Protein chains: 2
Amino acid sequence: MDQTFSYTHLYNFTQNIFLAIGCSDEDAATATKALLAADVRGIDSHGVARLSGYVRLWEAGRVNATPNIRIIHESPSTAVVDGDAGLGLVVAVYAMNIAIEKAKICGTGWVSVQNSNHFGIAGYHAMMALQHDMIGMAMTNASALVAPTFSKERMLGTNPIAVAIPAGAEEPFVADFATTTAANGKLEILQRKHADAPLGWIQDVNGNETTDAHVLKNNGALLPLGSDREHGSHKGYALGSIVDIFSAVLSGANYGPWANPFPAYVPMPENQPGKGLGHFLGAMRIDAFRKAEDFKKDMDQWLHRFRTATPIHPEQKVLVPGDPERLFEQERMEKGIPLVASVVEDLTKVGQKFNVNL
Amino acid sequence: MDQTFSYTHLYNFTQNIFLAIGCSDEDAATATKALLAADVRGIDSHGVARLSGYVRLWEAGRVNATPNIRIIHESPSTAVVDGDAGLGLVVAVYAMNIAIEKAKICGTGWVSVQNSNHFGIAGYHAMMALQHDMIGMAMTNASALVAPTFSKERMLGTNPIAVAIPAGAEEPFVADFATTTAANGKLEILQRKHADAPLGWIQDVNGNETTDAHVLKNNGALLPLGSDREHGSHKGYALGSIVDIFSAVLSGANYGPWANPFPAYVPMPENQPGKGLGHFLGAMRIDAFRKAEDFKKDMDQWLHRFRTATPIHPEQKVLVPGDPERLFEQERMEKGIPLVASVVEDLTKVGQKFNVNL
């Protein structure tokens, strides 16, 4: 049965699961906040719906609950972090804090991460910069589900990019998007409904266009942002590649088709060239460029001008990246977080494993 | 009549035109190299075809041929440069050199530029980093031709992003793309042929989809990468916005609908909030992250794996960003640069103004 839970309820439950697999108090809290940010912001595919997946990775020995996360190389404005196979939810927060500290001293900070795992939503990590009057950036690679332009093979993950930009009186700019036409989570929704996907989202095993939402199970592929060559799929492919290289080649993680799979039952790719998944996190201090108050004044004007641009249909206002997620956040912190029956069931089972009640 | 010219021939001609409007020897050489990089790499819309446009901007007093380009704010890893209304072709090179110098000391360098003009192709500036074993990035805002998702109004330029990544034995990765479904140059080609545009490239003045390639003249708009909401246009819109904010809000240039128009006959937008156009340039030293030789070994494997991915059609290999432009470069440096009759005519006229023979 679909059910709605308060944020606090899901917070306590999730934290207890992370504690049960052996995370420290601090790491359990860090991971819980990062994971639930997805549910709160309406990105249901990346929140507690994935908790059992993280637990299975831990059971398979692919996630280390007590990692020794450390810097293995650095310069004044950069670092490479070894996540020691920890939860990406914890490793990325650690790395983003380094980026922020470096930006305080040096103007900007850039951290590439190896040996990590899924880090939840990219936007959460990017938004950590906002309270410091910094621009935050976060990206991650992921297991290969996406076919480059002209390719039959899946070579890239959905490789999201997030950029958070502070403002003054206006609500900030927070972009957070997969570099594919549609996120995999949207496809999963169609699969559950047995509905067709729009043309331009996916291709079949032979590289032909298809509306069959189940095609990924038969070696089909998601398409890069742009869908096809005529509509710029080579640009989405380039973006996904940049994310892969910044996150994994720059850090020494596994890149391209060698990236670690999220489902614990999927065998690891053979001949992996690096360690774990990779992330790339950045922070740019506004007043390393101009006075923060001047920037915010202009940023407010930018945001206001775009939010009041003349809409095509009067009932659908022009939005700024982050606006839809902010509405979710307001509603769900107040009224609770709705979970579909299958997720409730899944969480209940995970709880039973560790004697934690949902 | 269509004609083909050697690189050297067009180089001398272009340099003489820049000298004729008053550029220093050094600036004329810098601008010529940057401008011709477009012709050589097959991006015909951004090369000598624009030379008369630059001259008209100079005639209109919008381009300063003898600018005092200078840093107006900086930190160890950042700077803001005032281009003093100089040619973007010169200002961006100056700014990219600062980014590279900062990266040598600090690991990375990031320069936001105000008070500039069109800078040619973004890829040229990003590629300046390659010889230093650095990753280069370049972006610029431009006058508003693009409608955000749900918007009738044009709010953003085609706002390109370029990222150049060095490799070892393999040819490097060089992405350079407008954040729209199709670059404006592609639309101009269809206009000349009186051909229709594919659906998904443009919308008309009311925000309806259209194939009329002339629609930009009637307040139609280019569409962000993704074409429509269902295919991710909000992501292309986010990317174009990020370029606009990094280039213009961070520097104090004109942003969004206030960006300076390229054609000298188009009046300047009223109530401009900043100075000129904005750019954003970045350099990341590879060995600020890991040993350059280790990175290059992995990057070679990345490039080789993607270039040999199984193609959908055996006759169309999978490409890596920058491959098509590199083929153009090889061919045109050897066999010359073909110019269509209208461009030959246009250049001849510009030459006559200054007693320079094409």
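Colleague: How many helices and strands does chain A have?

Modeller: Chain A has 10 helices and 12 strands, where helices (H or I, at least four residues) and strands (E, at least two) are DSSP runs numbered from the N terminus. This is a predicted model, in which local features need pLDDT of at least 70, side-chain atom pairs count only at pLDDT 80 or more, and totals for chains, interfaces and linings use all residues. Residues are numbered from 1 along each chain as its sequence is written, while chains are lettered from A and ligands numbered from 1 in the order in which they are written.

Colleague: What makes chain A as compact as a globular protein of that length?

Modeller: The globule rule is 2.2 Å times the number of residues to the power 0.38, and the radius of gyration is taken over C-alpha atoms. For 358 residues the rule gives 21 Å, and the radius of gyration of chain A is 20 Å, close to that value, so chain A is as compact as a globular protein of that length.

Colleague: Why are the buried residues of H3(B) said to line one face of the helix?

Modeller: Helix H3 (residues 51–59) of chain B has Leu51(B), Tyr54(B), Val55(B), Leu57(B) and Trp58(B) as its buried residues. Seen down the axis of H3(B), these fall within an arc of 160 degrees, so they line one face; the arc is that of the directions from the helix axis to the C-beta atoms.

Colleague: Why is one side of strand E2 and of strand E7 of chain B left without a neighbour in the sheet?

Modeller: The open sheet of 7 strands in chain B has the order E2-E3-E4-E11-E5-E6-E7, with mixed pairing; two strands pair if DSSP finds at least two bridges between them. Strands E2 (70–75) and E7 (173–177) stand at the edges with a single partner strand each, so one side of each lacks a neighbour.

Colleague: How do you know that E4 and E11 of chain B pair?

Modeller: Strand E4 (residues 108–116) and strand E11 (residues 277–285) of chain B share 7 bridges in the antiparallel sense. In E11(B), Gly282(B) is the bridge partner of Trp110(B).

How values were computed:
A residue is buried if 20 or more other C-beta atoms lie within 10 Å of its own, exposed if 12 or fewer, and partly exposed in between; C-beta atoms are placed from the backbone.
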